[in-house]
Amino acid sequence: MKRRFFLFLLAAASLTGYANPDKKQNVLDLKTSITDQAIVYPESFEADTQKLLEGWFIKNYTATDNRYATEPDVEVDDEEMVRRLNALPTIIEMPYNQVVRSYIDRYTRKGRAQIAAILGLSLYYMPIFEQALEEQGLPLELKYLPVIESGLDPNAVSRHGATGLWQFMLGTAKGLGLEVNSLVDERRDPYVASERAASYLKDLYATYGDWSLAIAAYNCGPGNVNKALRRAGGDVKDNDFWSIYSYLSPETRGYVPMFIAANYVMNYYPKHNISPVLPTKPLVMDTIQVSDRIHFNQISKVLDIPVEELRILNPQFRADIIPGTPENPYTLILPSQQIHAYLMSENEIRNFESDKYGRRGVVEPGEAPADAMLAVEDTQVWPDEDTGEADVALAAAHGKSTVVVHKVAAGESLGSIAEKYGVSPADIKKSNNLRRNAVRVGQQLRITTTADMAGEDAMLADSHRATRASSKVTRSSSQNSSKASAKTEKKKAAAKSTPKSHKIRNGETLSTIARKYGVSVAALKQANGMKNDHLRAGKTLTIPTKASSKKSTKSKSRKKRRR
């Protein structure tokens, strides 16, 4: 037993950098001499930096240069690093050691592009954090916690489910009174989440009386910190983060050093040749209470505000819907110059395409939904014979761009779903915050269909628009209209008479190919002399014209009637 205990002490001493096991080190020694060769970097270091740099907010509100990419980091010795950390105007202690240095180097060397993006986002988010901390009387340097938690991405979701700028787990969020449901996730709300985070940090400090312990508890929970304190021995007043370092998990060990590194780099980034970020537009926002169920598209169309801007400013609304009621209004954040416009146009916003965005309170059996995707005049939608689903991608292509929800079926992949709706896999990943290409059966994906068309579909749409326009022209222009219509009909006829071919790809089925070209599965099989539904990748199929597809369907129905 004694031998086992001695080996444990020896292992702990080697982890925390004891030079002499017979010499007892105090907390002050540990803060400056501690070392760790098994440093675990957090998920925030794995953020998609290019996505941050190309984000709507950075492109539209800030300007950066590429100094961070063209000029290398400047080497700084330990003595200068200590001097700079001591010069920071902070209440929370910022000691220097090998672990802190490793995180500073990670930011100023490999994370230069990420810091440039974070600096741009901080122009908007830091005043929000400072206000919440100031109201609770907390040290303002805590505003850099979201830098290490989420990389200032309000939609960040960790592999464990922690969400938002302050990375709250669902249970913690509920305990702090944050609303989380299918439409609203206040963990993503910069204002509300910051208020709750400040209140939570204040309670943690009241518990431990030490900011390093409170910050560690914010990361791993008070239970894990209490367990480490018990293992370290002694009263809580005799310990801090550094004295329980070796009793914490690898992820939490790096949390306080990383917080110190974030404070350093956010103050001294120019000294490391990281690009300064300058605002190009006023960053003045205001709020308004919304007491109606409003869709972002309604606000966007009436006030001429990009939907992407509404999403950036209001990330708490998960489905672009503000589910306001007179009893429970929600706060909408807008650029300050747009607040008056919203108040003046409130009725117009509420009534804009209300049939499309409204919610039915009472439904009679047999009543058809007001499906905006298929409510396109003169648009022909070719159903899939196997599943009976309408080809919404084709309908959207005829002059509409809309968001649909797709439930992943067995055998489907991200590529096959993207092809079905005429979008790229990257678009689906971006709309659904997916980090990988894998999808699971039953998963619901939000997909924005595009208005791009090719070949025959484009000519059909042109023909429909030309036909509608021709009915409105005056008699004096009827002759010119006839000629234009005749040309369109010739193109249409030529397209119909020209057979197409399709090379089969992995994962494709007869149904997906038939939907893509707007023909029936039966016509596709008949045109290729197929007796079953089996396909082989690389084989070329002949695509029948829609006219022949209809003839095939009619002849089949006649045969059935004769029988």
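**Before starting.** I am working from a predicted model.

**Helix 12.** I began with helix 12, residues 211-220, and asked how many of its residues are buried. I found nine of the 10 buried, so I noted this helix as mostly covered, taking under 20% relative accessible area as the cut-off. My list of the buried ones reads Trp211, Ser212, Leu213, Ala214, Ile215, Ala216, Ala217, Tyr218 and Cys220.

Next I wanted to know which helices the buried residues of helix 12 pack against. I wrote down helix 9 (145-150), helix 11 (190-208), helix 13 (222-232), helix 14 (250-253) and helix 15 (255-268).

**Nonpolar cores.** Then I turned to the largest nonpolar core, which has 84 residues. Which of its members touch the most others? I got Leu142, Trp166 and Phe168. Helix 8 (residues 112-136) gives this core its largest share, 13 residues. Apart from this core I found another of 21 residues, including Ile288, Ile294, Phe296 and Leu310.

Tyr218 was already in my notes as one of the buried residues of helix 12.

**Positive phi away from glycine.** I keep in mind that most residues other than glycine have a negative phi. Two residues made me stop here.

- Gln167 is not a glycine, yet its phi is positive, about 55°. I placed Gln167 in the loop between helix 9 and helix 10 (170-175). Gln167 counts as buried because its relative accessibility is 13%.
- Asp304 is not a glycine either, and its phi is about 60°. I placed Asp304 in the loop between helix 16 (296-303) and helix 17 (307-313). With a relative accessible area of 67%, Asp304 is exposed.

**Salt bridges.** A search of the whole structure gave me 18 salt bridges. Arg109 counts as partly exposed at 39% relative accessibility.

Asp73 also forms a salt bridge with Arg112, where the closest N and O atoms are 4.0 Å apart. That pair links distant parts of the chain too, with Arg112 in helix 8 and Asp73 in the loop between helix 5 and helix 6, 39 residues apart. Is Arg112 buried or exposed? I noted it as buried, because its relative accessibility is 6%.

Tracing onward, I saw that these residues belong to a network of salt bridges: Asp73, Glu75, Asp78, Arg101, Asp105, Arg109 and Arg112 are linked in it.

My last stop was the salt bridge between the side chains of Arg188 and Asp185, at 3.3 Å, N to O. Arg188 counts as buried at 9% relative accessibility, and Asp185 counts as buried at 0%.

Conventions:
Residues are numbered from 1 along each chain as its sequence is written. This is a predicted model: local features need pLDDT of at least 70, side-chain atom pairs count only at pLDDT 80 or more; totals for chains, interfaces and linings use all residues. Side-chain values use heavy atoms; hydrogens and water are left out. Buried means under 20% relative accessible area, exposed over 50%, partly exposed in between (1.4 Å probe, protein chains only). Helices (H or I, at least four residues) and strands (E, at least two) are DSSP runs, numbered from the N terminus. Contact means heavy atoms within 4.5 Å. A nonpolar core is a set of buried Ala, Val, Leu, Ile, Met, Phe, Trp, Tyr and Cys residues joined through side-chain atoms within 4.5 Å.
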